[in-house]
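Reader: I would like to learn how to read a few local features of a model. Could you take me through them one at a time?

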Amino acid sequence: MRFKLRILLSRIYHLFDRHPGHKYGDGIYIYFYNKIRCKVSAGKGSYADLISVMANKNQTLRIGKYVSIGRRLNIIMCGGHNLRVISTYPFKDKISYTPFFKKELREPAYELGDVTIGNDVWIGDDVTIMGGGEIGDGAVIGTKSLVTSNQKLKEYGVYAGIPAKFLYYRFSPGIIKELKKLKWWDMKEEIIKNKNYLLYNPNIKSALSELKKLKKRNDGA
Ligand SMILES: CC(C)(COP(=O)(O)OP(=O)(O)OC[C@H]1O[C@@H](n2cnc3c(N)ncnc32)[C@H](O)[C@@H]1OP(=O)(O)O)[C@@H](O)C(=O)NCCC(=O)NCCS
């Protein structure tokens, strides 16, 4: 009875949940600055507390499958200011919004590049990723890290700091090679649902061999 009441209360709570973000995929809430809606793709199972994105309309944020994102991820894909002219003030972007400037003078904010986050990535709290950043499958980014513009984080690497520095690989090169081939996130949802205990089994070698068998069956199906 108490359990049912708790479920009911949580449903009521979600009815009134005025989350400011836009929902993508299974559980990705994204808050856009300046009402800019860039293209977003978020894969199955991925979740985030809240992501702030600064981007132009034509830009794309790609988030893979089964990505875990901590609180307050900040993605800066545009909005850089030119340091090689007299003023860093973005005149064309700001003043052109007043009636004294013609609409044609407006131009999109200075772009840094798109951001791509691979599959099965874990991003800690308060991380910032600059435009052009690419996060490889299975990588981990420590809390308060800064992934600088065009930085590429290797698959299954652990990174942290400002700028994010490589700390170590999660597994031996042999295991990483197998995991890169396996791409478990592309297996049928049914298999992932029923056999996900293999994905958190500390005996990696035996879990891997089991998953490989399942993949064979999955591919053959
Ligand atoms: C990155 C992380 C996963 C590494 O964990 P770990 O392997 O147990 O790392 P350790 O604590 O052993 O630290 C290893 C080294 O990395 C450094 N380090 C770890 N986290 C760091 C961070 N966020 N920024 C800078 N350096 C960091 C440590 O100082 C240590 O450096 P040293 O080898 O020179 O002494 C962890 O520190 C982290 O940031 N987790 C995210 C937590 C979080 O945000 N949770 C909430 C959202 S789910």
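Author: Gladly; we will go through strands, a hairpin, backbone angles and a ligand shell. This is a predicted model, in which local features need pLDDT of at least 70, side-chain atom pairs count only at pLDDT 80 or more, and totals for chains, interfaces and linings use all residues. Residues are numbered from 1 along each chain as its sequence is written.

Reader: What is the strand order of the open sheet of six strands?

Author: Strands (E, at least two residues) are DSSP runs, numbered from the N terminus. Two strands pair if DSSP finds at least two bridges between them. Here the order is 1-2-5-8-13-16, with mixed pairing. Strand 1 (22–24) and strand 16 are the edge strands, each pairing on one side only. Inside this order, strand 8 (residues 73–76) and strand 13 (residues 128–130) run parallel and are joined by three bridges; N74 stands opposite T128 in strand 13.

Reader: In which sense do strand 18 and strand 19 pair?

Author: Strand 18 (residues 157–160) pairs with strand 19 in the antiparallel sense, over four bridges. A160 has K165 of strand 19 as its bridge partner. The hairpin has four residues between the strands, and G161 takes a positive phi near 105° there. P163 is also in that loop, and the peptide bond from I162 to P163 is cis, with omega near -10°.

Reader: Is strand 19 largely in the open or buried, and why?

Author: A residue is buried if 20 or more other C-beta atoms (placed from the backbone) lie within 10 Å of its own, exposed if 12 or fewer, and partly exposed in between. Of the five residues of strand 19 (residues 165–169), the number buried is zero, so this strand lies largely in the open.

Reader: How should I read a positive phi?

Author: Most residues other than glycine have a negative phi, and most peptide bonds are trans. N150, not a glycine, has a positive phi of about 65°. N150 sits in the loop between strand 16 (146–147) and strand 17 (152–153), and counts as exposed because it has 12 C-beta neighbours inside 10 Å. Y156 likewise has a positive phi of about 65°, in the loop between strand 17 and strand 18. Y156 counts as buried because it has 23 C-beta neighbours inside 10 Å.

Reader: Which residues are around the ligand?

Author: A residue is near a molecule if its C-beta atom, placed from the backbone, lies within 6 Å of it. Those around the ligand include D125, K144, A160 and G161. The shell divides into four nonpolar, six polar and two charged residues. Ala, Val, Leu, Ile, Met, Phe, Trp, Tyr, Cys and Pro count as nonpolar, Asp, Glu, Lys and Arg as charged, and the others, Gly among them, as polar.
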